[in-house]
Amino acid sequence: LPPAVFPLSCVVQNYSWGKVGLESEVAKLVASGDPLAQIQPDQPYAELWMGAHPRGDALIRDNRIPQKTLGQWIADNPACLGAKVKDAFQGHLPFLFKVLSVSTALSVQAHPNKELAAKLHAQFPEHYPDANHKPEMAIALTPFEGMCGFRPVEEIVSFLQNVPELRALIGEVAAEQLERSGSDDPRGVSAALRVCFTRLMKSEKKFFVDQLNMLVKRISQEAAEGKDTSGSNGDLLLRLHSQYPGDIGCFTIYFLNVVRLEPGEAMFLGANEPHAYLHGDCVEIMACSDNTVRAGLTPKFIDVLTLCEMLNYTPAPSSSKVFPAAQSQLDPNVYLYDPPVPDFTIMRIEIPASIKLYLISAMDSASILLVIQGTAVGTSTAAASEMSLRRGSVLFISANESISLHLCSPDGMLLFRACCLL
């Protein structure tokens, strides 16, 4: 039988927002996973793609396997996905697993649900390349900062009262409508929020650039005088403006929650949830899709109308955006991040130093294993030979195959395993 467990060499994306050289977690993982890799000190290393996406199909590092890439191998061996996954997702790996290293903010964006994705793809295939939804989940590797979902109304109202430039863009009528909307009428609140956010995002370019410049000047002066600018979210405003001067996305900080994750904490981004990653390193998993509706903090195609129409205008505190991990009932070393979509689940596996032999158990789904720290020798009846695992190693594990890890490191291991639990 051909090997069904094998190491992968994964594609790096050098997007401009990525951390540079060995400051990047992506670059560090690549450098330790592949001793021959050359890291360019001035190049951004933004994303590591672990999967079979056509724009970043992982290479198979096992010369006994005739197929060159994971995508080709799955196409020729679809049973490797597991019976349920193969049927549910038409013979394709349903997720793309990634590591992200974010230095400057990513665009303010949301991902469509399946219904809207099909419509956008039919109308604008050049901007929306497929008909799938794209839920995502990010788990922090280092302290991680992002914006996600609409803030509680009282926070937005407080900014409308403290930031006259914001109020000018939205207009007095819309601002007062939000101020008057009561918590006893959630639909009224959402309607008022939609009007305010849409007015902001559709404001005339010259007008918002003038207001933004006034705001930045005012906050810079206040900060220089040692004043507290937190009532205007001053620190974040100046940071985003330095990254994307004159961009409407700078004003979204007054509407969206800022979520700060500690390593191991996660956020789940369902359909129509506005979000933007700001800084830090994370593992991310998403449904296999490239559908992104953008509206700011980006030089890419922006589609403000679609974004404002599709968003989920339900306010909620930032604490509600932290997605909890559940310790596995079967194995206390495993923490499950199991979101409310069928496409993917992530397991965080923390093996303490006291354990010298650990079994990566078989499951009825193909999975991808990433080593974040620690070293081990892996053996499997489905692998051609023993595999040396270290920081940055990535393995593909076919459904119903297991791996024994013989740990070599004095301080245990940290692994992430992406799979599909139907």
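A residue is called buried when its relative accessible area is under 20%, exposed when this is over 50%, and partly exposed in between, as computed with a 1.4 Å probe on protein chains only. The structure is a predicted model, in which local features need pLDDT of at least 70 and side-chain atom pairs count only at pLDDT 80 or more, whereas totals for chains, interfaces and linings use all residues. Residues are numbered from 1 along each chain as its sequence is written, and side-chain values use heavy atoms, with hydrogens and water left out.

By the definition above, Gln 109 is buried because its relative accessible area is 11%. Gln 109 is located in strand E10 (residues 109-110), where strands (E, at least two residues) and helices (H or I, at least four) are DSSP runs numbered from the N terminus. Contact means heavy atoms within 4.5 Å; leaving aside neighbours within four places in sequence, the residues in contact with Gln 109 include Glu 273, His 275 and Arg 294. The side chains of Gln 109 and His 111 are joined by a polar contact of 3.4 Å, a term for a pair of N or O atoms within 3.5 Å of which, within protein, one must be able to donate a hydrogen and the other to accept it, while residues adjacent in sequence count only if both atoms are side-chain atoms.

An unreviewed UniProt entry lists Gln 109, His 111, Glu 136 and His 275 under "binding site". These residues span 167 residues in sequence, yet no two of their C-alpha atoms are more than 12.1 Å apart, so they gather at one spot. UniProt positions are given in the numbering used here, feature names are shortened, and annotations may be inferred rather than shown by experiment.

Glu 136, which lies in strand E11 (residues 136-140), is buried because its relative accessible area is 3%. The side chain of Glu 136 forms a polar contact of 3.1 Å with that of His 111, and the residues that Glu 136 contacts, apart from neighbours within four places in sequence, include His 275, Tyr 277 and Phe 344.

The annotation "active site", also from an unreviewed UniProt entry, covers Arg 294. Arg 294 is placed in strand E16 (residues 293-294) and counts as buried because its relative accessibility is 17%. Not counting residues up to four places away in sequence, Arg 294 touches Ser 107, Gln 109 and Asp 303, among others, and a polar contact of 3.3 Å links the side chains of Arg 294 and Ser 107.
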